[in-house]
Amino acid sequence: MWIMPEFVIQGGNRLSGDIAVSGGKNAVLPIMAASVMAGSPCILHNAPDLVDVRVMSEILRSLGATVERVNQGRSLYIDPTALSSWVVDDTLMRQVRSSIFLIGPLVAKMGKATVSYPGGCDIGQRPIDQHLKGLSALGVVFEEAHGNIMAETGRLQGADIHLDIPSVGATENIMMCAAMADGMTVIRNAAKEPEIVDLQTFLNSMGARIRGAGTDVIRVEGVEALRGCEHAVMPDRIEVGTLMVGAAITTGDVYIKNAVAEHVQAVASKLREVGVTVSVPGKGIRVTGSRRLRPTDIKTLPYPGFPTDMQPQMMALLSIAEGTSVITETIFESRFKQAEELGRMGARIRTEGRTAIIKGVPRLSGARVVSSDLRSGASLVLAGLAADGQTIVSGVESIDRGYERLEHKLAALGAKIVRQG
Ligand code: UD1
């Protein structure tokens, strides 16, 4: 019988020591999609070995690319020169939301793309209208039939595009497609996330002419052809944030060696507000927990606001603060799945639509809980580290989508956590 893996956590151990995080999941996925536009192979250093990355590798292989792990597994070699298909397999597409990124690059390279509606974490409705609007402006024509989206273009033409909301994925998809369009594209109200800057760096190394990533206006001057390149993927800022909260929730003392402080300012600022010490010695970040945690209010916002991907982890921390905190989730509508599970561990959390009210309790107690999506899973693991007794987190597959060997990293810092099954 196949037994689904679980994390078994013995709570109450402080995290302490030095650790390095993996390359960013949300950075590597669009970069892998962009690599199909290259006329020669690409090498991506610091590419995390995650389930989502494996699925994306499988998708690229199904299109005719060669994808291999090299450099003792730390880098990804992608040779797209034999790309022969523009049809993304439905089963693979449903496993990873980022497959939507392939529309822009495939259309730019092959003139066509067929994809189905993407999968990914179930955290509420995730429309793709901004992707379609931007790509349409570049001259892509869409047809929908039987759950498939068929995209086709003659010649791509640069355009002035104003996004209704600063969607990360739409900004990336449009940047990639515009990189090979005729003339100039301007993306206004663009998302400003650091992963977009990383994508710009990668595309420019391929020969693209893009500037403005990291601000809300991105300018893309189209080029005829792109070439392969080497690129080091940025460190995963959500993994950094998760470990920061890990140090805080266990009153630990952790130094994250390769954290980029600027990327996690919103998280650092909230941790300081609740009484945790965050400093930036050398190239990394040090977080030292405090026995007494103050409550605070958090509202998730696009970067540089507080990231929705860190909201569940902060909820775990605030559940043991001395007082009442309020979290408002403005990005995704059903992102409080962890609240009920934290409740099983003794947390007092009430959710009403997009608001969660958290009444801090002195201690959490170990329980059997289920991870339903990536970040709520991380939140339950963190709660388990702080709780009295044993916590068993099932649904670990959802955590593996976005954290590379999370249990190994936590164990290296002194946590008692093992994977079972
Ligand atoms: C990316 C991240 C994800 C993160 C999210 C917000 C990747 C692979 N994933 O997801 O981890 O939680 O940013 O920081 O980078 N929307 C529309 N129409 C669209 C696109 C989005 O209405 O066409 C809405 C979404 O429903 C959501 C908001 O815009 O409410 C933000 O979504 P978006 O920035 O696109 O997130 P993703 O790129 O899917």
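Which residue has a polar side-chain atom 2.7 Å from a nitrogen atom of the ligand? That residue is Asp129. Before I go on, a word on the model. It is predicted, so local features need pLDDT of at least 70, side-chain atom pairs count only at pLDDT 80 or more, and totals for chains, interfaces and linings use all residues. Residues are numbered from 1 along each chain as its sequence is written, and side-chain values use heavy atoms, with hydrogens and water left out.

Back to the ligand. A backbone N or O atom of Gln130 lies 2.7 Å from a ligand oxygen. In Ser167, a side-chain N or O atom sits 2.6 Å from an oxygen atom of the ligand. For polar contacts, the cut-off is a pair of N or O atoms within 3.5 Å. The protein covers 85% of the 740 Å² of accessible area that the ligand has on its own. Those areas come from the Shrake-Rupley method with a 1.4 Å probe.

Now the shell. There are 19 residues around the ligand; to count, a residue needs a heavy atom within 4 Å. Gln130, Ser167, Val168, Asp309 and Ile331 come nearest. By class, the shell has six nonpolar, eight polar and five charged residues. Gly counts as polar here, and Asp, Glu, Lys and Arg as charged.

Which helices each supply at least two shell residues? They are α5 (129-137) and α6 (168-178). Helix α5 gives the most, with three. Helices here are DSSP runs, H or I, of at least four residues, numbered from the N terminus.

Why does the ligand lie between two domains? Because domain 1 (6-22 + 235-420) and domain 2 (25-232) both give residues to its shell. The bounds come from an automatic or database domain assignment.

Next, helix α8, residues 237-249. Its 13 residues reach 18 Å from first C-alpha to last, close to the 18 Å expected at 1.5 Å a residue. That expected span is 1.5 Å times one less than the number of residues. Is α8 mostly covered or mostly open? Mostly covered: 13 of its 13 residues are buried. Buried means under 20% relative accessible area, with a 1.4 Å probe and protein chains only. At the start of α8, a side-chain oxygen of Asp236 comes within 2.9 Å of the backbone nitrogen of Ile238. Just after the helix, Thr251 has a positive phi of about 45 degrees.

Last, Lys409, in helix α14 (residues 406-412). Lys409 is buried, at 12% relative accessible area. Its C-alpha is 8.6 Å from that of Ala20, 389 residues away along the chain.

Notes
A polar contact is a pair of N or O atoms within 3.5 Å; within protein, one must be able to donate a hydrogen and the other to accept it, and residues adjacent in sequence count only if both atoms are side-chain atoms. Buried means under 20% relative accessible area, exposed over 50%, partly exposed in between (1.4 Å probe, protein chains only).
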